[in-house]
Amino acid sequence: MTVHLNSQADLEDAIHALLRQDPRLKPIYDLTGMPALRRREPGFAGLAHIVTGQQLSTASAAAIWARVSAAFVPFDHDRLRKARADRLGRLGLSAAKIKTLKSIARELAAERLNLDVLANEDADAAHNTLTALHGIGPWTADVYLLFCLGHGDAWPAGDLAVQEAVKIGLGLKTRPTPKEMAPLAEPWRPMRGAAAHLWWSYYRVLKKREGVIGAPQRPKPAP
């Protein structure tokens with residue numbers, strides 16, 4: 001069964017199911033309250049937006065994305081695939097990001113990739129499909145699945161804020177690695193994405209700062 005988080009009501013249903021499924025989450029929920037659903041644009045635009053913002057400050061990412069998205073209206077993979085690299089560079093994209101975006105655009109144009117179907121695939125299979133693409137790492141794949149497609153079981157194991165929240169919430173001695181995060185999240189299938197929303201809320205309460213923001217990017221390690 002694939003759970004979709006397309007509305008706040010979907011998230012609330014999933015959170016209540018998680019609380020019944022794993023009583024350890026009840027103290028977390030009591031502290032955070034119901035988290036708010038975070039969603040972003042789907043399709044190629046959503047993935048391009050995340051790629052554009054990788055490794056950049058929020059302000060820089062927003063400025064570059066504003067220029068890129070305004071330069072191609074409507075923003076679609078064919079327009080970007082045909083765009084000259086030097087034009088994209090003048091908009092602020094690095095050579096590595098241009099290569100990644102053009103590679104994804106070619107896969108879409110050749111119909112070797114269909115982003116829409118990933119929302120209904122097993123989360124791990126969808127993750128593997130995305131990370132097989134040039135320039136798409138695990139964090140980008142998981143954030144896209146969760147925020148852009150609303151995949152209810154996407155699990156951002158490499159997200160530092162989620163790792164830190166899980167460490168504190170479950171009483172672990174050290175912050176778990178991405179590999180260690182996988183078995184820790186097994187009790188929350190098929191709603192690991194909803195659990196991630198809860199852990200981000202917990203991180204915000206603990207650290208008095210957001211671990212997830214409107215334009216997703218890697219959160220800095222907790223002090």
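These entries record what I looked up in the predicted model of this chain.

**Basis.** I note that residues are numbered from 1 along each chain as its sequence is written, and that side-chain values use heavy atoms, with hydrogens and water left out. As the model is predicted, local features need pLDDT of at least 70 and side-chain atom pairs count only at pLDDT 80 or more, while totals for chains, interfaces and linings use all residues.

**Secondary structure.** I looked up the elements and found twelve helices and zero strands (DSSP runs: helices are H or I of at least four residues, strands E of at least two).

**Overall form.** The C-alpha trace spans about 55 × 40 × 30 Å along its principal axes.

**Contacts.** I took pairs at least 6 apart in sequence and found that 66% of their contacts join residues at least 24 apart (contact: heavy atoms within 4.5 Å).

**Burial and core.** I find 48% of the 223 residues buried (under 20% relative accessible area, 1.4 Å probe, protein chains only). The largest nonpolar core holds 69 residues (buried Ala, Val, Leu, Ile, Met, Phe, Trp, Tyr and Cys joined through side-chain atoms within 4.5 Å). Within that core, Phe75, Leu130, Trp155 and Trp199 touch the most other members. I then followed Phe75: beyond its neighbours within four places in sequence, Phe75 contacts Phe44, Ala45, Ala48, Trp65, Val68, Ser69 and Leu80.

Conventions. Buried means under 20% relative accessible area, exposed over 50%, partly exposed in between (1.4 Å probe, protein chains only).
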